[in-house]
Amino acid sequence: VQLQAFGGGRVQLGGSLRLSCAASGSIFSIMGWFRQAPGKQRQLVATITGGGGTNFADSVKGRFTISRDNAKNTVYLQMNSLKPEDTAVYYCKAWTTALQYWGQGTQVTVSS
């Protein structure tokens, strides 16, 4: 199983970024994103089921959207109205019925 994340970068306050994570090697019931800021624990950002059900951290509701292309086994995170506190390394994660997998992180930096 491999998860490859793309799309991080540096933006200014209020900007947008789109992350993508391409998964291979299995069928994933749930896919999602976590983030980890310096000195903090990794935390959930958003998840999406194969049927399109979503879950968001309160801190990103209304600003971030998550979607997936089941045919491509790819999950996307559209991040709008970015704030400096969104600065973190973002990790994709995917769950099968029995196991869970992490992708490599991608850095998102929001400057004021």
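Trp102 lies in strand S10. The model is a predicted one.

How exposed is Trp102? Its relative accessibility is 37%, so Trp102 counts as partly exposed. Leaving out residues up to four places away in sequence, Trp102 touches Leu3, Phe34, Arg42, Tyr91, Cys92 and Lys93. Ala23 sits 79 residues from Trp102 along the chain, yet their C-alpha atoms are separated by 9.9 Å.

Look next at the rings. A pair of aromatic rings is described by the distance of the centres and the angle of the planes. By the pairing rule, the count comes to 4 aromatic pairs. One of them joins Phe28 and Tyr101. Their ring centres are 6.2 Å apart and the planes meet at 80°, so this pair is edge-to-face. Phe28 belongs to the loop between S3 and S4, while Tyr101 is in strand S10 (residues 100-102). Phe28 has 3% relative accessibility and counts as buried. Tyr101 is partly exposed, with a relative accessible area of 22%.

Tyr91 and Trp102 make another edge-to-face pair, with 6.3 Å from centre to centre and 90° between the planes. Tyr91 comes from strand S9 and Trp102 from strand S10, so the pair ties together parts that are 11 residues apart in sequence. Tyr91 counts as buried, at 16% relative accessibility. Both rings belong to one aromatic cluster, formed by Phe34, Tyr91, Trp95 and Trp102.

Which ring face does Arg42 lie over, at 3.6 Å from the ring centre? That ring is Tyr91. The charged end of Arg42 also sits over the ring of Trp102, 4.6 Å from its centre.

Strands of a sheet pair through backbone hydrogen bonds, either parallel or antiparallel. Phe34 stands opposite Leu44 in S5. S4 and S5 run antiparallel and are joined by 6 bridges. The two form a hairpin with 6 residues between them. In its turn, Gly39 has a positive phi of about 75°.

From S5, move on to strand S6 (residues 54-56). These two pair in the antiparallel sense over 3 bridges. Ala46 stands opposite Phe56 in S6. This hairpin has 4 residues between the strands, and Gly52 takes a positive phi near 100°.

Now turn to the open sheet. How many strands form it, and in what order? There are 4 strands, in the order S1-S3-S8-S7, and the pairing is antiparallel. S1 and S7 stand at the edges with a single partner strand each, so one side of each has no neighbour in the sheet. Neighbouring strands of this sheet are turned by 15° against each other on average, direction ignored.

Leu3 and Ala5 make up the covered face of S1, whereas Gln2, Gln4 and Phe6 make up the uncovered one. S1 is joined to strand S3 (residues 17-24) by 5 bridges, and the two run antiparallel. Across this pairing, Phe6 has Ser20 in S3 as its bridge partner.

Is Ser20 buried or exposed? Its relative accessibility is 19%, so Ser20 counts as buried; the cut-off is under 20%. Leaving aside neighbours within four places in sequence, Ser20 is in contact with Gln4, Ala5, Phe6, Trp33, Thr74, Val75 and Tyr76. S3 also pairs with S8: 6 bridges join them, and they run antiparallel. Here Arg18 has Gln78 in S8 as its bridge partner.

The largest nonpolar core has 28 residues. Trp33, Val45, Phe64, Ile66, Leu77, Met79 and Tyr90 touch the most other members. At least two core residues come from each of S1, S3, strand S4 (30-36), strand S5 (43-49), strand S7 (64-69), strand S8 (74-79), strand S9 (88-95) and strand S11 (106-111). Apart from neighbours within four places in sequence, its contacts include Trp33, Phe34, Phe56, Val60, Phe64, Leu77 and Tyr90.

Methods. Residues numbered from 1 in each chain as written. Predicted model: local features only at pLDDT ≥ 70, side-chain atom pairs only at ≥ 80, totals over all residues. Heavy atoms only, no water. Buried < 20%, exposed > 50% of the residue type's maximum accessible area, 1.4 Å probe, protein only. Pairing = 2+ DSSP bridges. Contact = heavy atoms within 4.5 Å. Core = buried A, V, L, I, M, F, W, Y, C linked by side-chain atoms within 4.5 Å. Phe/Tyr/Trp six-rings, centres within 6.5 Å; stacked < 30°, edge-to-face > 60°. Lys NZ or Arg CZ within 6 Å of the ring centre and 35° of its normal. Axes fitted to C-alpha atoms, helices over the stretch in contact; angles between N-to-C directions.
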